[in-house]
Every structure is written in C-alpha cells, then in structure tokens.
Amino acid sequence: MKPALVPTPAAGVHLSTGGFEAVVHGLASALSTLAAPDVPRLRTPPVIARQTIEEVGYHESFPHLLGRVFARTDGGALAESDLVLLPAGCYCVYPVHAGERLHGPTEVSVEATCFRQEAHAEPGRLRSFRMREFVRLDTAERCLAWRDDRLAAARDLLAELGLETTSEVASDPFFGRGNRLLRKLQVERELKVELCAEVAPGQRQAVASGNYHTDQFGRLFAITGPDGAVAHTACLAFGYERLALALLHRHGEETGRWPDRVRKTLDLEAPR
Ligand code: ATP
Ligand code: ZN
C-alpha cells in the first residue's frame, strides 16, 4: 500500500498505511538527533488530567479546540470526567517537575498523540495527530538561545530532507477579543516561531514550532532553577503527519524513488 493517510467517516481523523508509518518512524529517529542521546524520553497517552489543562488555562485560551471526555462514573449519570484529550505534548512535562528545584538545565523529549477540534479539515489539518516535542527548563536567556539554536538545527535537518522551510514569527490563535493584546505581545516578543512548508498543493502549514513560554509554567508548577529562581521554559514541536505529508508532496508517493540521501536519513529501504 502506498504511503498515505486514509480518510475515515470523521473529518480530520485518518488511518495511516504501513508506508506512511515507515516515514513517520524515520522522522522519529531523525528528529532524535536534535537532542543529546541521554535526554529522557516520554510517551504520552492521548488524554491528560483535566486539572492540568485548567491550571495552564488552555480551556480559556482555546475553548474551541479542547476535546472533552464524558463518562458514567460508578454507573451514574453521564458527566464530564477528570480527563480531557491531550492538545499538545509539553503539558504532560510540567506536572512531572512540579515543586522541584532543578539541578541544572533540564530537557525532555516527548512523543504525543494530540487532539484539537479544528474548525476546518484541509490536508495537514487533522483533529487527531502526533507531535514530537523537546521541552527545555532553564534560565530565560538559555531557554531563548536553546529555542533559536534548535530551530536552526531543525531547519537544517529539514533542508537535508529536501524541505525548504520559511521561518515565521507567529501567535497562537487566542480566542476572543480580550486576547488581542496578548496576541500582539506574543508577536512583538517573538515568543512563537514556526517553520512552514507546503504539505499539499497550495497548502502551506507549520511543520514545526518553537515556543518560549517565559516563566509562565515555572510559576504555575512552582519549578525553580538551582539558584531558587523560577524556571523558564521553551519547547520545540514537530507535527509528524504534516512532515510526512510535506515529504510526500516534495518527493512523490514512491518512497523507493526518493533521493538516496533522504532515504538514508529516514532509514527507508532501498528500492528493489
Ligand atoms: P496551526 O497554526 O497550524 O494551527 P499551531 O501553531 O497551533 O498550528 P502548535 O500548537 O505550535 O501549532 O503545534 C505544534 C506542531 O504540531 C505544529 O508546528 C504542527 O506541525 C503540528 N500541528 C498543530 N496542529 C495540527 C493539526 N491540527 N494537525 C496536524 N498537525 C498539527
Ligand atoms: Zn509545547
């Protein structure tokens, strides 16, 4: 079967073929080279404690994207459960370090299954998708430097895979009028930078994003550095499906005919 996303009756929810998974698998290994080999790795479930998502205010900033879980507890009436669908990998990391005084710069790699109730279902905009994230907890200066350095390394890696990306300062699509100022502030301070590529004809999307969160999560989860100062955080996130789609769009659906260098980096089988 050709590497592809297979549609299901639910918009933005797809099955993936073995060939597509081989590309995702190759991407997972290639992206691992962006972190030191000893960086701890976490795999998330598709759900997260509702309490965590409420603590970080996601339910207020992105109420339109959040997937809620309803269940009958103890055979009672249907009610909202203590879980929500995970919207991004890094939210799982901060509670792990809650109340901690870090020994020094801390980095974690996260593989996440995410859900967002996207309003549109164009190619590359899925409701259920996978994300790879690297999360850094450190000082303000080092978090920013790390984000920019890793974004540059990511851009080089993607170029090696044949993907020419543009780097764009972005803002999260904050919901409601009250958040316009916040959005402006985010752009002015360049808190979010995206690497964009074409994932389908005429369809440019962010395939990676680098975010600097200032001390927002350090404060919320009482995480401090070795000197007792509140920790700052940054994350670098990649969308697996978008990256795989961008590669298929760039090199064609016969992975056996992809350039040698690309096949080698992704550890794809040589053509027979
Ligand atoms: P967009 O602006 O395209 O909605 P975003 O800025 O909200 O994306 P992030 O929250 O930074 O994206 O998510 C990290 C990465 O996850 C993105 O760079 C992208 O590659 C991927 N991603 C985000 N939303 C989706 C989606 N709906 N479908 C597939 N991949 C996604
Ligand atoms: Zn993140």
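**Entry 1: Pro226**

I started with Pro226, which sits in the loop between helix 7 (216–220) and strand 12 (232–239). Helices here are DSSP runs of H or I with at least four residues and strands are runs of E with at least two, numbered from the N terminus. I am working on a predicted model, where local features need pLDDT of at least 70, side-chain atom pairs count only at pLDDT 80 or more, and totals for chains, interfaces and linings use all residues. Residues are numbered from 1 along each chain as its sequence is written, chains are lettered from A and ligands numbered from 1 in the order in which they are written, and side-chain values use heavy atoms, with hydrogens and water left out.

(Buried means under 20% relative accessible area, exposed over 50%, and partly exposed in between, with a 1.4 Å probe and protein chains only.)

Next I looked up its neighbours. Leaving aside residues up to four places away in sequence, Pro226 touches Arg101, Leu102, His103 and Gly104; a contact means heavy atoms within 4.5 Å. I also checked Ala121, which is 105 residues from Pro226 in sequence and 45 Å away in space, C-alpha to C-alpha.

**Entry 2: aromatic rings**

How many aromatic pairs does the structure hold? I found six. Tyr58 and Phe62 have ring centres 4.7 Å apart and planes at 35°, so I logged this pair as tilted. For the record, rings of Phe, Tyr and Trp (its six-membered ring) pair if their centres lie within 6.5 Å; planes under 30 degrees apart are stacked, over 60 edge-to-face, and the rest tilted.

Tyr58 also pairs with Tyr91, edge-to-face, at 5.8 Å centre to centre and 75° between the planes. Tyr58 lies in helix 3 (residues 58–61) and Tyr91 in the loop between strand 6 (78–85) and helix 4 (93–96), so this pair ties together parts 33 residues apart in sequence. Both Tyr58 and Tyr91 are buried, and Phe62 is buried as well. One aromatic cluster is formed by Tyr58, Phe62, Tyr91, Tyr94, Phe217 and Phe221.

**Entry 3: the whole chain**

I then stepped back to the chain, which has nine helices and twelve strands. Its C-alpha atoms fill a box of roughly 55 × 50 × 35 Å along the principal axes. Of the 272 residues, 49% are buried. Among contacts with a separation of 6 or more, 66% come from residues 24 or more positions apart.
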